[in-house]
Amino acid sequence: MTAVENRPAPVLSTTPVEWVRERLFPNVASSIVTLLLLPVLIYVGYRAVLFVAVNGRWEVVTRNLTLFMQGTFPRDEQWRIVAQIMCMAFALGVGASTAASAAADRAREAGLPVARQQPLEVVRRFWPLIAFVLVLLYFASTVTPWLVVLGTLALFLLGTAARFLTASFRNVGWLLMALSVIAGFQVVSGTTGRSWVAAAVVVLIALWTSVGLEGLDRLPRLAARVGLSVLAAAIVFGVYTLIPLSGVGWDRWSGLHLTLWVSALAIVLSFPLGLLLALARRSTLPALRMLSTGYIELIRGVPLITLLFMGQYILGFMLPAGSNPSSITRAIAAITLFTAAYVAEIVRGGLQSLPYGQTEAAQALGLPPAKSMRLIILPQALRAVIPAMVGQFISLFKDTSLLYILAINEFLGVRSLVHAQPDFRSVAHAETLVFVAFGYWAFAYAMSRESQRLERRLRVGI
Amino acid sequence: MTSQQSDSRVRPPFWRDARVLRVVGQVIAVVVVFLLLRWLFANLVDNSRRTGISLDFGFLNRPTQFQIPNHDEFDPRSPVWQMVLVGVKNTLLASVFGVILAAVVGLVVGIARLSKNWLAAKLAAAYVEFFRNIPPLVIIVFFAFAVFLYGPLPNLRESIEIGFPGTDHNVFVLSLEQWGMPSLADAGNLAAFGLFLAFGLVIAVLVWRWRTRVNDQTGAPHHRVLWALGVLAVLLLVGYVVLGEPFRITWPTLGENRRRLVDGFAINAGFISVAGALGLYTASHVAEIVRGSILAISTGQSEAANALALNGFQRYRFVILPQALRIALPPLINQCLNLVKNTSLAAAVGYSEITNLTQASIGNGRPAVPSIVILMGVYLSFSLIISFMLNVVNRRMQLAT
């Protein structure tokens, strides 16, 4: 039997004329649609180009770019934000390289070729964000934003250069990332407050879960972990007490800076709360189940703004006299409590999608309920709901604009500062709104593209 | 000895007995939650006594003391509960118009995104990706500020009047404060005509059912839409003649030295901002639901429709959409609920729905705690009604297996 010779697939080439006929004028109905839409598209496009390039009074953005980015943040403390961006860029670089080496390891284990990330691919994935940065640079009137962007890139590359380290000690990579994120947060918020406690807790959790001590028995492992944690806590404590940096607390943050941090904090805080609520709702203990169900249904039945009102008008009443958290703290609490209910429903969906055989298999292996949940059920359930979760976090990000109604000057709210200036009191509202909308869109669209990519890669989702 | 150890009645020590632990765990959870709530409530009572702000609902019967914008008929001396009713009415109004807009635009965009026409598909995709990724509040504020308040439209005194050709009636009056359009006005016995309308609708539904039954039993073409509409039209015409012109069309005119719209139907900029923006925003989600549910119908259905020589419209109308609707309806109802909840964003642009009015009323010195409890109660009851609808729909739409 002679093998048929390999032939290349026939090349399907269409000339532009064929393409137009096929995709725009295949039949009468479609041609009519095209002919109706084309003038609309041309007119809208013409007006849009006219607005962006000719008519728009963009000096309202050019002159207030700093206000949009950081709002009323004290100008002589601006270096803190720059330092924070640098820390975050480094953290991102370390995180990216650690994740890449983890993925490479997994691929090697599975015997698949290790995919290397192409720079062009990154541009394609994050083009909305890159476009936003380019627009910012276009509007920049000083050289500082250029320097910041270049510095960010440099520190990101420095972070990825840690690959030689993270390739062999992956946990070190995650820890380094966590530490630089915390450092980035602290460099702005300062260390004089109670915030170092939070920092220490994060470091402890990172250390506790990430340091691999597989060679040791149960008790020595525990002892080693406790010892390491105490050591780390002491180091953190020492760093914070030795260098008492005064900072700018988040009740004085505003602009895009505040929007991003409120989103990040609410995401980080609502996830564990939502997880606990979901577990409680699926629990066999009726009291826990009812408490959790009641909470979730109550929160999901009301709009976020009522919770924010509750935070502003009632929470102060419900705490002992004297303790008065700032309005931003209360808003973050309200957003967290709100999102946790939705996260809980998403996680519950993931838990329900797992066949019961998984639990039974875990039981057959003799795993106690907590361990079977942690090692068998949750990893699969959470993986299945990553896209839905990202979707929820996108809507959280969009919902931070509600802080504007509470007169907090986040990205949408700084508009009121911009238009309080005599030059722009009643003009150029469309320009600022288009700019703000573009900012939100860039972040949200980048996130949604990433979530679609994850959905395809993990082959999960609905 | 050994027999005693394997005796199942010997229980493990209580701190390792699952039955005991379950009860103890629940008791602890309940006690902790109870103590937390009691602590919060005790603080609340304590603080309200200290500051002298009441917690009871007695304020509902006291006068509102402020004028609701664009509601001249509202008397500031009328009690707060009437203000709440105005707010609920406005919330419902914006929701209904928003839902209609979202449904129409969403359906068109969702189907267009699946179209083979490249231009239609790309435009629909751009629409979805654009509106889905902007906060709804930004869209509302854009309408309120960039389109209306500081937008290109003139104010009411110099408003654009689009006349009916050949007459001096205005069809549309466009200004940045209000838009006017023709409306129906009572010319004697509109209420009686309303009864006629209700009667006509009932008859039309019966005719619809009758035609459906005829079609089921004999296979004769049902033409139920034509039949029902025809019967309705005939009945309404009869009613109109019998009642002797129960209503007349009023055209929007600028009265009182062009300071306000008289006659016609006036809609406020705030309403258009909220209903329009939320409609467009929710349409992007509706479009994705429509697209997803059409894609979920297997291609075999489409091919079967082609094999029956149905044309594109018939394929959608009789084969694809009825099946897709079953998948799409639960998420669509959820989007309705989201839209109703999102109307609360009107608080930012001064459309007098319930959230805005509650905020204004708190600003006017009404006690915050009971006001917000009422606000949450209103939204909770909306949510409960819509989830009830969802459950009914789910039950009715389930395939009989």
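Reply:

**A helix pair across the chains**

In this predicted model, α15(A) and helix α12 (residues 368–397) of chain B pack at an angle of about 155°, with their axes 10 Å apart; axes are lines fitted to C-alpha atoms, for helices over the stretch in contact, and angles run from 0 to 180 degrees between N-to-C directions. Helices (H or I, at least four residues) are DSSP runs, numbered from the N terminus. Angles over 145 degrees count as roughly antiparallel, and α15(A) and α12(B) are therefore roughly antiparallel to each other. The crossing of α15(A) past α12(B) is left-handed, that is, the near helix is turned anticlockwise from the far one by less than a right angle.

On the side of α15(A), the contact is made by T306(A), F309(A), M310(A), Y313(A), I314(A) and F317(A), and on that of α12(B) by A368(B), V369(B), I372(B), L375(B), M376(B) and Y379(B), where contact requires C-beta atoms, placed from the backbone, to lie within 7 Å. These residues divide into eleven nonpolar, one polar and no charged, with Ala, Val, Leu, Ile, Met, Phe, Trp, Tyr, Cys and Pro counted as nonpolar, Asp, Glu, Lys and Arg as charged, and the others, Gly among them, as polar.

Turning to the chains as a whole, 45 residues of chain A are in contact with 46 residues of chain B. The side of chain A that touches chain B draws two or more residues from each of α2 (28–55), α14 (286–301), α15 (304–318) and α21 (429–458), and its largest share, ten residues, comes from α21(A).

Residues are numbered from 1 along each chain as its sequence is written, while chains are lettered from A and ligands numbered from 1 in the order in which they are written. As this is a predicted model, local features need pLDDT of at least 70 and side-chain atom pairs count only at pLDDT 80 or more, whereas totals for chains, interfaces and linings use all residues.

Key. Contact = placed C-beta atoms within 7 Å. Parallel < 35°, antiparallel > 145°, perpendicular 65-115°, else oblique.
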